[in-house]
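Biologist: Please take one part of this model and go through it closely. I would like to know how the pieces come together there, with the numbers kept in view.

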Amino acid sequence: MDSEKRIADKQDWIKGATGDWEIIIGLEVHAQVLAKSKLFSGASAEYGGAPNDHVSFVDAAMPGMLPVINEFCVEQAVRTGLGLKAQINEVSVFDRKNYFYPDLPQGYQISQYKQPIVGEGVVSVDLEEGKSISIGVERLHLEQDAGKSLHDQHPAMSYVDLNRSGCALMEIVSRPDMRSADEAKAYVTKLRQIMRYLGTCDGNMEQGSMRADVNVSVRKPGAPFGTRCEIKNVNSIRFMGQAIDYEARRQIGILEDGGKIDQETRLYDAKKGETRSMRSKEEAHDYRYFPDPDLLPLKLDPRRIAEIKASLPELPDEKRARFVASYGLSRYDAAVLVVEQSSAGFFEDVAQGRDGKLSANWVINELFGRLNKEGKSVETSPVSARQLGGLVDLISAGTINGKIAKDVFELLWTEGGEPAQIVETRGLVQVTDMAAIEKAVDEIISVNPDKVEAVKAKPSMLGWFVGQVMKTTGGKANPQTVSDLLKKKLAIT
Amino acid sequence: MSVDDKTVRRVAKLARIKVEEKDVPRLAAELNVILAFVEQLNEVNVDGIAPLTSVVAAEMKKRKDVVTDGHYAKAIVANTQSEDQFFIVPRVVE
């Protein structure tokens, strides 16, 4: 795909003094590999820990220490590449990227420059209103993370903790294929979802497991690309959107005043809601990459790549397509269900052998709605898939109506138990005895002659009658049956 | 390829090596001699030959994903200024 050719939708254009502009966005997403130990050392890669406790002499760059690669991290990168439908390179090379910073004890980061482990791939991203776009992935490479500096412990000093130093990162570089903050946000959300499905990154942005460098430029719609600025280390999807919008307006302001954009690294200040130049990094741009003499080229066995490919789980796009095809769900409902593997699995447990749409309605509207409200997840749901399935059975069989089902759901949530038993012991079974319903209807009609007159002039009042009948039957009648019967008796069409 | 005084200053700065101004011309000359020596290699025709990465045919050594190291923070920070097992450096903040 030719990235330069794609023009933003008109709704995403930004109005300037000299006409419309569009935003061009490319992303470098850093995703921490889900692994027990570090990329080149046997120290723990677990988040947190006491300062410098998860550090080996390799991570602290003590003289004479040599890196030895973690083969699981390599496989995780391959797995991610396959999940992004990308080319896997059987030979890749580690290089040293040289710069000085207190949280980088080696004075260089081991990364991959000319020959990354994963080449071109593609991510399909869904936008509002059922629209879908393809974002090109240029490459994915493995590299070491740096340590962490703390600046709030002392007025004149910075504190450095190397626990994160040497953890394996996957840097996923996109093509400049995004045209709005919403597209960039949707792309990162999708990447996160795919990696969580694959089990290659936990996607925990609060803990820094995923961070993005955002490249932003602006142009008149369809014109050649302009000069870009790179916003470093954005650690939340919301901030990323804000940073993009701010940066685009800043650049448009400069260009419309007749200025030019300097290619530079910037920082997003979430408190002030603005980006600012990181002057100190300007010199650092000459990284003097060269192949790391401590590491041989990384060679992958094509049979192992095929094995990993065969072991991939069903990914979100495929799962959603299957939910639409085999359960008859809307694309939207299917997308809601596949956000997490656990929620999709829960739905399938409920829907097994039952009506797919009805099951989806109960899982999404009642269960997910309630879980969200109470800050719970599918894993900690008080109502199990088996219980909810039992409830769906009772609705499908016509044993209870939808309104009673909500009451039963409430009981399942607060007290637990078996749906069929709850309905039985509490006498909630739907009244299907037509004679009983008819009796209730007749009663309401006979004691409310004024309302009977009124409803003839205003048929929408029928709802009041239905409500009254439902009340006298303890909510156990089928509202549709009641409504039909009332219409007949009151001669309303 | 030849190195001028400006390049010497830039390389020194990137490598965080303090170079006195009076030493710059001498270093440029020395670097040029070294580079000229290495450039003899350009005379060899290497068309179609893959770069040599090891003199013996060796595979990259790999480890299993097991935690086998770490948990000696005291030793990590032993050689420098530290507090609560953090390294302490002059304040660096953007």
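**From one residue to the interface**

Modeller: Start with A:D12. This residue sits in the segment that comes before strand 1 (14-16) of chain A. The model is predicted. Leaving out neighbours within four places in sequence, A:D12 has contacts with A:R179, A:S180 and A:E183. A:E129 is 117 residues from A:D12 along the chain, and their C-alpha atoms are 14 Å apart in space.

Another aspartate can be read in the same terms. A:D349 belongs to helix 7 of chain A, which covers residues 341-351. Again without residues up to four places away in sequence, A:D349 touches A:R354 and A:A385. Between A:D349 and A:K131 there are 218 residues of sequence separation and 29 Å of space, C-alpha to C-alpha.

Now the part to look at closely: the interface of chain B and chain A. How many residues does each chain bring to the contact? Chain A supplies 51 residues, and chain B supplies 40 residues. Interface size is often quoted as the accessible area lost when the parts come together. Here the buried area is about 4,200 Å², and carbon and sulfur atoms give 59% of that.

Next, the specific pairs. The rule finds 2 salt bridges across this interface. B:R10 and A:D286 form a salt bridge through their side chains, with an N to O distance of 3.0 Å. The cut-off is 4 Å, so this pair qualifies.

On chain B's side, the elements that give two or more residues are helix 1 (5-14), strand 1 (62-63), helix 3 (73-76) and strand 3 (86-90). Strand 3 of chain B gives the most, with 5 residues. By residue class, the chain B side divides into 18 nonpolar, 14 charged and 8 polar.

Strand pairing also crosses between the chains. Strand 1 of chain B pairs with strand 3 (residues 69-70) of chain A, in the parallel sense, over 2 bridges. There, A:N70 has B:R63 as its bridge partner.

Within chain A, strand 9 and strand 10 (residues 157-161) run antiparallel and are joined by 3 bridges. A:L150 is opposite A:Y159 of strand 10.

Chain A has an open sheet of 3 strands in the order 6-5-16, with antiparallel pairing. Its edges are strand 6 (108-111) and strand 16 (290-291), each with a single partner strand, so one side of each is left without a neighbour in the sheet. Strand 5 (residues 95-98) and strand 16 of chain A pair over 2 bridges, antiparallel. In strand 16, A:P291 is the bridge partner of A:D95.

Note on methods
Residues are numbered from 1 along each chain as its sequence is written. Chains are lettered from A and ligands numbered from 1 in the order in which they are written. This is a predicted model: local features need pLDDT of at least 70, side-chain atom pairs count only at pLDDT 80 or more; totals for chains, interfaces and linings use all residues. Side-chain values use heavy atoms; hydrogens and water are left out. Contact means heavy atoms within 4.5 Å. Buried area is the accessible area (1.4 Å probe) that two parts lose on being put together, summed over both. Helices (H or I, at least four residues) and strands (E, at least two) are DSSP runs, numbered from the N terminus. Ala, Val, Leu, Ile, Met, Phe, Trp, Tyr, Cys and Pro count as nonpolar, Asp, Glu, Lys and Arg as charged, and the others, Gly among them, as polar. Two strands pair if DSSP finds at least two bridges between them.
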